[in-house]
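Please follow the fold of this protein step by step, with the model open beside the text.

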Amino acid sequence: MKYFDTHTHYDWAEFDEDRKLLLKKLENTIIVNIGVNGSSNIETIKYTNEYKNVYACLGLHPMNVSTMEDLNNIKEIMNDKVVAIGETGIDYKFPNIELQKEYFIKHINLANDLNLPIVIHCRKAHEEVYNILINNPVNKKGIMHCYSGNLEYAKKFLKLGFYFGFDGPVTRDNKYDEIIKFLPLDKIIVETDAPLMPPFPLDENSRCDSSSLKYIIKKIAKVKNMDIDIVTNQIFLNSKRVYNIK
Ligand SMILES: [Zn+2]
């Protein structure tokens, strides 16, 4: 089967020991690595040159907005394997909410400038994120990464044309089931957010990588009561579609 990990952080220190070996092992999985600040963006670009299967999404993570980095730096390092802008958005776990909002809008403007979709990180801020998207539409839409909102907001973001990324937590908690059931299969994608959030049956405190995508897909197929091969294939096609990869 074909696998596509739409959200990873292989530049993080957790992979320093065995990154090369691991990415070699994953050469048949398409991977989007998400840069979270200037140096992480540069590292991500490096992987796109080194590995045929690795694509890039560049931005300044909500946890890093206090650095006040200039997003125009992204334009300087762009190549044709940059498929999205982000991750950006609002997360109440991190400080500087007003600055997070400001950077969210800056990312939207950059994405529209470059004609790219956006990857949205949203925690406990679905109303704020929704309002910003209403007032600042993203032409190429994008992904609600690691979707953690309720059904009501799922309907709203779906109406805006967004895709929904599901991660390890859906394998550990049934609270996502009604949303997975509701969403059309062609709007669902999967992501490991490696090294974070390993899916069941992996140890919750272990490091995860793209090889565990299959557990997330298995849970989605089960909730949707659909054949796992059909679900795997459709999710692969969705991932290519949202990132415009031929
Ligand atoms: Zn992430």
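Leaving aside its neighbours within four places in sequence, which residues is Phe 164 in contact with? In this predicted model, Phe 164 is in contact, beyond those neighbours, with Met 144, Tyr 147, Ala 154, Leu 183, Lys 187 and Ile 188. In soluble globular proteins, nonpolar side chains tend to be buried together.

The strands supply the next part of the picture. Eight of them form an open sheet, in the order E1-E2-E3-E4-E5-E6-E7-E8, with parallel pairing. E1 and strand E8 (188–190) stand at the edges and have a single partner strand each, so one side of each is left without a neighbour in the sheet. From one strand to the next, the twist averages 25 degrees.

Four bridges join E1 to strand E2 (residues 29–34) in the parallel sense, and Tyr 3 stands opposite Thr 29 in E2. Together with helix H1 (residues 19–25), E1 and E2 make a right-handed β-α-β unit.

Further along the sheet, strand E3 (residues 54–58) pairs with strand E4 (residues 82–91) in the parallel sense over three bridges, and here Ala 56 stands opposite Val 82 in E4. Helix H4 (residues 97–114) lies across E4 and strand E5 (118–123), and runs at about 160 degrees to E4.

Note on methods: Residues numbered from 1 in each chain as written. Predicted model: local features only at pLDDT ≥ 70, side-chain atom pairs only at ≥ 80, totals over all residues. Pairing = 2+ DSSP bridges. Helix = DSSP H or I, 4+ residues; strand = E, 2+ residues; numbered from the N terminus. Right-handed = clockwise from strand over helix to strand, strands pointing away. Contact = placed C-beta atoms within 7 Å. Axes fitted to C-alpha atoms, helices over the stretch in contact; angles between N-to-C directions.
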